[in-house]
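Open the model in your viewer and keep the selection panel at hand.

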2 protein chains.
Amino acid sequence: MPPADDQSIPSDYEIAQSVETNHIVDVVEPFGLTEADLKLVGETKAKVELEAIERVREERDANGKTILVTGMTPTPLGEGKTVTTVGLGQALNQVGKEALVAVREPSLGPVFGVKGGAAGGGYSQVLPMEDINLHFTGDLHALTSAHNLIATMLDNHIKQGNELDIAVNWINWPRAIDMNDRVLRETVVGLGGEVTGVPREDGFILTAASELMAVLCLADGIDDLKERIGRIIVAYNEDGEPITADDIGATDAAAILLKDALKPNVVQTIEGTPAFVHGGPFANIAHGTNSLIADEVAAHLSEYLVTEAGFGSDLGAEKFMNIVSRFGDVEPDAVTIVASVRALKYHGQDMWPPDVDALEDEDVDAVYDGLANLDKHVRNLEQFGVPVVVAVNRFPQDTDAEIEAVIDHCEEDLGVPAAESTVFADGGEGGIDLAEKLIDAAESESSFEPLYDLEAPIDEKIETVATEIYGADGVEFHSDARADIERLTDLGFDDVPICISKTFHSLSDDASQKGVPEDWTLEINEIYPSAGAGFLVVLTADVLTLPGLPSEPAAANMELRSDGSISGLF
Amino acid sequence: MPPADDQSIPSDYEIAQSVETNHIVDVVEPFGLTEADLKLVGETKAKVELEAIERVREERDANGKTILVTGMTPTPLGEGKTVTTVGLGQALNQVGKEALVAVREPSLGPVFGVKGGAAGGGYSQVLPMEDINLHFTGDLHALTSAHNLIATMLDNHIKQGNELDIAVNWINWPRAIDMNDRVLRETVVGLGGEVTGVPREDGFILTAASELMAVLCLADGIDDLKERIGRIIVAYNEDGEPITADDIGATDAAAILLKDALKPNVVQTIEGTPAFVHGGPFANIAHGTNSLIADEVAAHLSEYLVTEAGFGSDLGAEKFMNIVSRFGDVEPDAVTIVASVRALKYHGQDMWPPDVDALEDEDVDAVYDGLANLDKHVRNLEQFGVPVVVAVNRFPQDTDAEIEAVIDHCEEDLGVPAAESTVFADGGEGGIDLAEKLIDAAESESSFEPLYDLEAPIDEKIETVATEIYGADGVEFHSDARADIERLTDLGFDDVPICISKTFHSLSDDASQKGVPEDWTLEINEIYPSAGAGFLVVLTADVLTLPGLPSEPAAANMELRSDGSISGLF
């Protein structure tokens, strides 16, 4: 998300167009990948073949260091996590380290809603940004197809006699679309008489919200992918027993559709640092980080991997630590929390909705007022035994006094290193101080450990995250949730990580609560298994899994020129 | 469609895997395209850049000869039109002509229904056949996205105040999916209360049935693509005036999604002949041939272009002559009609449903009984002033006596050249006789002309096709159709080609009528404009635009092996 209010910096698209990109083969070669390891898609995009990943895993048993980028509680202004991730990767290369970047893959559909790409920005973006924000290498389309194939086979099974005795009102597999098409949220399908099958209520979710996205981002190869798809629970039968994707014969066909999507995409940053852009699950009903397979191959190929977690320490980062790190070999050696002066002022304000314009003026006291939110994220991450460095992402209107206030507070009051970052405007050079502090942190002794044991009871695991990370006083389980816990424990789905779905706008479950909410209880409405992904989803509220377009969608202002160039996309 | 009953020939997939493919750059280089003209997708697939197409159009003003491949009335057995198209292209190269092939692009969704790929077969197929039948270069996905973006913007317009006064019950733009998902045929969308907008009846069509597919296959560049998208009628307002894609602001965003799909895909046949595989519109509600842009570039690049039209002379070929040739520079210099001994026996039978097993035994008299159907197709095509050659595609169980009976009949009774083709089993070598006869035909004088004037009244154009091509005694317009004609004439949509939607199973509008049905009247139910494509669609019956899966879908028997290879797809 670019700081759109700065007139002196050209637009992301203009910057992107002004840069000479290298052939992707030349970009990855210094890291040990050759042309034969890649499936090229044009000259600047490629997928890494699974054989190459196998080879890299075997040849290089020592991992590089992994730096996880997360943020304080997000504000509508954007704090610049992806920009910082990309810029930090560039900075590490500038200070002589081999470093790779891994970020999430944007969805196509949302691009047409509210303006704004998702590939970093300024002089810290991944290229070719217009491709990455459009069809890219087709991963999202493959996921949509595979998701809908499973849905089609499910309804076809019911129509063809329903041998498995599937309960029509207990189907857990909606359809998927990669478009902000709000009217598909709740539908009735199967109308038109006997020939089309059984009418029933159904709905669509955004492809990124599909359990298949989570599956793709956790699978370590084809066999694991198939196993995960096969065990996805798509419905229950009339006796309440789970019906899986495998039961309806959909495993292999869905895996065939995903066999190329499983291969991580590699592109380059604006400074030629290789960037893996692969997978983008929701950070509430799923774990919110790019694919494990991309992280693993990148960590094997370089001294440093910089990877991003969605939202703050309470969402993407918590899930990276408690979920992702258990499924793969990706323990973080250091974490950086992206903070901004604007976000700190925002979290220190007492009013709701906040007065965004007022955040532009210098106001060091307002910055101090918001530090509690940052502090909580720092303490949250320290609980995992990992060194933390705060990155203050500087925006044009920030003053030196404001920036210094944050850095001094971190170093003096919290005892954690902090550095200003100007990677948006300056590229890697703007992140050298941050890079050096993170190198020190990552080289230091650390003792990473997830926060809870998998063997703990479901409610205990939820309570641990709620109280230790969110800062809740406790947890209240509604009766449905209690029943879910009992049923899931009976089914043997209790010894897996938990994935709590909570608003990202607040550390609490109330989006309007800024700073560090106190005196509150986390309410749990429902718990269901993402058996393919391998975790339990814990719902604290309704989740919007299919957004709509605004009254003036970005799509209406886009232009395709005769020469194929575009405007209005970013 | 392979003759699956022959045990001596390995499967299409086995044959495909046994062949060493060349880098696509090497495949197209002899025809004047360089690496810079291509956007590579892996080593064996590429898109031809629009700049290269512009250059080819300018540099080479003389077209090569165009040979159109069509067939007699299709039977459930398959006659082998794509196989013949591919084999003929290979044969032309074998006899020293520069020749290219252009065929339609298969849809992804149907692959999971009834077994059978759509990329030729045996030793006359296009490679890599598994990619072509799966995501290929993403064109179908781009079409699905663009189609659904328009639908999303339409419903969003209504929700955000409906400034254009769109009549909710007169929306002509369903949603699209590339999956045989029957329960989506008829749906209700927009449920869930005020926040999602206005509930209404809606439905999904297969992506290949979208008007956008027809648009993509007729557009000659970006400007034309945008113009065509912009004028698509997506709904009517409360006053009955058309609302276009442009009115709802969707033109450019949809075009942006299609900008790469517009570029023709080039791959290779099993003998290394370049093959354009691009676009695949329905041959009933649309024109049923691969993209005009692929045909044009291919005809400019080579001495011979072999291109295929869907179904028989009454559908794809009629539409190629009366619609496609008017929009672009692609007049056929010769036509070949693919016939088979089995199909002739089938059309000579009196019973319904036919006894397919009986078609295996030698029975020359049964062949004679079916010749009338072939004769009608020959005479149909001769009406366009184009030389016709009959291709008898030999299947393993056919006897010499049967094949000779067909060839003798064509040459002696009809006065048209005919040749046996064994390209499925023998590759290009099996089509040399056919190739030579087609060269003679294409080099001869011809005087191609469409069958009707665009200025003729709508009903007259329909009557011309019905009586001259289908063999109907006349046309009956139901009252709705009469009203449509009046309305469309008032709107100024009358001076365009007509695209009659009729069953492909029969020359008549009754799928059960084999041979050459007599004493029948074509009934017209509805006429609507495909304003973007630029023709009127004339419905003779309900069209199934979203098929379902069978009781045992092919998907259930597919396998993805650990090494990424697949089985059960073909």
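A salt bridge here is a side-chain nitrogen of Lys or Arg within 4 Å of a carboxyl oxygen of Asp or Glu. Keep in mind that the model is predicted.

Start by colouring chain A by domain. Select 22-104 together with 289-443 for domain 1, 139-258 for domain 2, and 458-539 for domain 3. Between domain 1 and domain 3 of chain A, 26 residues of domain 1 and 24 residues of domain 3 take part in the contact.

How many salt bridges does the rule find across the interface of domain 1 and domain 3 of chain A? There is one. Now select A:Asp314 and A:Lys502 and show their side chains: the two form a salt bridge, with N to O at 2.9 Å. For polar contacts, the rule finds nine residue pairs across the interface of domain 1 and domain 3 of chain A, both residues at pLDDT 80 or more.

Then select the side of domain 1 of chain A that touches domain 3. Helix 11 (316-327), helix 12 (341-348) and helix 13 (364-382) of chain A each give two or more residues to that side. Helix 11 of chain A contributes the most, six residues. Finally, colour this side of domain 1 of chain A by residue class: 11 residues are nonpolar, nine polar and six charged.

Conventions:
Residues numbered from 1 in each chain as written. Chains lettered and ligands numbered in written order. Predicted model: local features only at pLDDT ≥ 70, side-chain atom pairs only at ≥ 80, totals over all residues. Heavy atoms only, no water. Domains from an automatic or database assignment. Contact = heavy atoms within 4.5 Å. Polar contact = N/O pair within 3.5 Å; in protein donor to acceptor, adjacent residues only side chain to side chain. Helix = DSSP H or I, 4+ residues; strand = E, 2+ residues; numbered from the N terminus. Nonpolar A, V, L, I, M, F, W, Y, C, P; charged D, E, K, R; others polar.
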